[in-house]
Amino acid sequence: MSQTSVNTAFNPANDPRKFRTALSRYATGITVITAASPEGLIGITANSFASISLDPALVMWSPDKKSSRHDLFVGADAFAIHVLSADQRAICDGFVRSKHAFDGVEHHLNAHGVPIIDGCLSVFECTRFATHDAGDHTLVLGAVEKAQERSGEGLVFANGLFTTLRFEASAA
């Protein structure tokens, strides 16, 4: 029999580090969001991604207002969300460090001039549907115009660590 610890309630405003640790218990996939901007092609690594609606097809992600990339992404009329595969960890790391980390990353441009990274598990090509203020982040909702998916090992982040999870493509 395993020993379990007792959950202790706390006020997130009084202990933001503990709040962040509690949030880390929720495993998330790793995404890279890309867009075209006045500064050229840009990207950012994010795990704040969720589906919002099936009809219409809407997804959401949320850039941090303190990020130097925030205004470029919130202002983008079109963007793409890429769900990374396990073998794309270097792409994840590259876009953590730089918004222009496209060197060596195989990609092509879609009809809106947005870079689409090749080899991802899923890609959602979006136009901006709405943005909403959300504390220290902005919620960016995208209307999905085109989506793609494939089988493979996904890059997953939980409790401060990377791991993988197997996904199978849907039947054609």
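How much space lies in the largest pocket? About 1,200 Å³. This is a predicted model, so local features need pLDDT of at least 70, side-chain atom pairs count only at pLDDT 80 or more, and totals for chains, interfaces and linings use all residues. Residues are numbered from 1 along each chain as its sequence is written, and side-chain values use heavy atoms, leaving out hydrogens and water.

**Largest pocket**

- 33 residues line the largest pocket, and Arg20, Asn47, Ser48, His137 and Phe157 are the closest to its centre.
- A pocket is an open set of points on a 1 Å grid over the protein atoms alone, where a 1.4 Å probe fits, with protein on both sides within 12 Å along at least five of seven lines; lining residues have an atom within 4 Å of a point.
- Its volume is the space filled by probe spheres set on the points.
- Helix 1 supplies the largest share of this lining, 6 residues.
- Helix 1, strand 3 (40-46), helix 3 (89-97) and strand 11 (152-158) each give at least two residues to the lining of the largest pocket.
- Helices (H or I, at least four residues) and strands (E, at least two) are DSSP runs, numbered from the N terminus.
- By class, this lining holds 16 nonpolar, 11 polar and 6 charged residues.
- Ala, Val, Leu, Ile, Met, Phe, Trp, Tyr, Cys and Pro count as nonpolar, Asp, Glu, Lys and Arg as charged, and the others, Gly among them, as polar.

**Second largest pocket**

- The second largest pocket has a volume of about 470 Å³.
- Its lining has 22 residues, with Gly29, Phe49, Val83, Ser122 and Phe167 nearest the centre.
- Two or more lining residues come from each of strand 1 (28-29), strand 9 (122-134), strand 11 and strand 12 (161-167).
- Strand 11 gives the most to this lining, 3 residues.
- The lining of the second largest pocket divides into 12 nonpolar, 7 polar and 3 charged residues.

**Surface and interior**

- Phe10 lies in the segment before helix 1 (16-23).
- Phe10 counts as partly exposed because its relative accessibility is 31%.
- Val140 is found in strand 10 (residues 137-149).
- Val140 counts as buried because its relative accessibility is 1%.
- Buried means under 20% relative accessible area, exposed over 50%, and partly exposed in between (1.4 Å probe, protein chains only).
- Val140 and Ala130 are 10 residues apart along the chain, and 6.2 Å separates their C-alpha atoms.
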